[in-house]
Amino acid sequence: MSELLTRYYAQGGERDRLTTARGQIEFERTKEIVLRHLPPAPSTVADIGGGAGPYTLWLAGRGHRVEHRDLMPLHVQQLRETAAPHPEIHTTESDAHNPTPQNVAQEGEAAAGHTQTHTSPRDGRSPIPLHTQQAETT
């Protein structure tokens, strides 16, 4: 990550970015797109580059287990503080080259059209897919 981006994210403004008027439009539109590809709950969903976790919290609120990854220690810390009452959320500092727990990646993935700007290590051009694992029913 560039020094400029690191400095920007270190200021902590990402936590509230989606609460602005423009940010609320982005948040609602992204949720619409994700819902097109999201399996029914319960499933495990990986939120890669999840920032301070607004989508992670939204997904957990819909009944999903969420594996959150972000490069910035501050974002991981902010989500840990917010997600404390949500045991279905797991967060760790990581990048897009090692995005998900092995069990999620092996079970399958659904391209989400998510608005993250990261690229897939597979070909360097494709958006990173939203990884999902369907829960087993007994």
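The points that follow go from the overall make-up to particular contacts.

1. The model is predicted, so local features need pLDDT of at least 70 and side-chain atom pairs count only at pLDDT 80 or more, while totals for chains, interfaces and linings use all residues. Residues are numbered from 1 along each chain as its sequence is written, and side-chain values use heavy atoms, with hydrogens and water left out.

2. The protein chain has 6 helices and 5 strands, where helices (H or I, at least four residues) and strands (E, at least two) are DSSP runs numbered from the N terminus. Read from the N terminus on, the order of the elements is α-α-α-β-α-β-α-β-α-β-β.

3. Of the 138 residues in the protein chain, 42% are buried; buried stands for under 20% relative accessible area, exposed for over 50%, and partly exposed for what lies in between (1.4 Å probe, protein chains only). The accessible surface of the protein chain is about 8,100 Å², and 51% of this belongs to carbon and sulfur atoms; such areas come from the Shrake-Rupley method with a 1.4 Å probe, and for residues only the protein chains shown count as cover. Among contacts with a separation of 6 or more, 51% are between residues 24 or more positions apart, a contact being heavy atoms within 4.5 Å.

4. The structure contains 2 aromatic pairs, for which rings of Phe, Tyr and Trp (its six-membered ring) must have centres within 6.5 Å, with planes under 30 degrees apart called stacked, over 60 edge-to-face and the rest tilted. Tyr8 and Tyr9 make an edge-to-face pair, with 5.2 Å centre to centre and 65° between the planes. Tyr8 is partly exposed because its relative accessibility is 36%, and Tyr9 is partly exposed as well, at 23%.

5. Phe27 and Tyr55 make a tilted pair, with 4.9 Å centre to centre and 45° between the planes. This pair links distant parts of the chain, since Phe27 belongs to helix α3 (residues 21–37) and Tyr55 to helix α4 (residues 54–61), 28 residues apart. Phe27 is buried, at a relative accessible area of 15%, and Tyr55 is buried too, at 6%.

6. Which residues of α4 are buried? They are Tyr55, Thr56, Trp58, Leu59 and Ala60, and the elements that cover the buried residues of α4 include α3, β1 (43–48), β2 (65–70), α5 (73–82) and β3 (89–93). After α4 comes Gly63, which has a positive phi, near 100°.

7. Ser43 lies in strand β1 and counts as buried, with 0% relative accessibility. Its side chain makes a polar contact with the side chain of His64 at 2.7 Å; a polar contact is a pair of N or O atoms within 3.5 Å, where within protein one must be able to donate a hydrogen and the other to accept it, and residues adjacent in sequence count only if both atoms are side-chain atoms.

8. There are 7 salt bridges in the structure, each being a side-chain nitrogen of Lys or Arg within 4 Å of a carboxyl oxygen of Asp or Glu. One of them joins the side chains of Glu14 and Arg17 (2.9 Å, N to O), and Glu14, Arg17 and Glu26 are linked in a network of salt bridges. Glu81 forms a salt bridge with Arg15, with the closest N and O atoms 3.4 Å apart. That pair links distant parts of the chain, Glu81 in helix α5 and Arg15 in helix α2, 66 residues apart.
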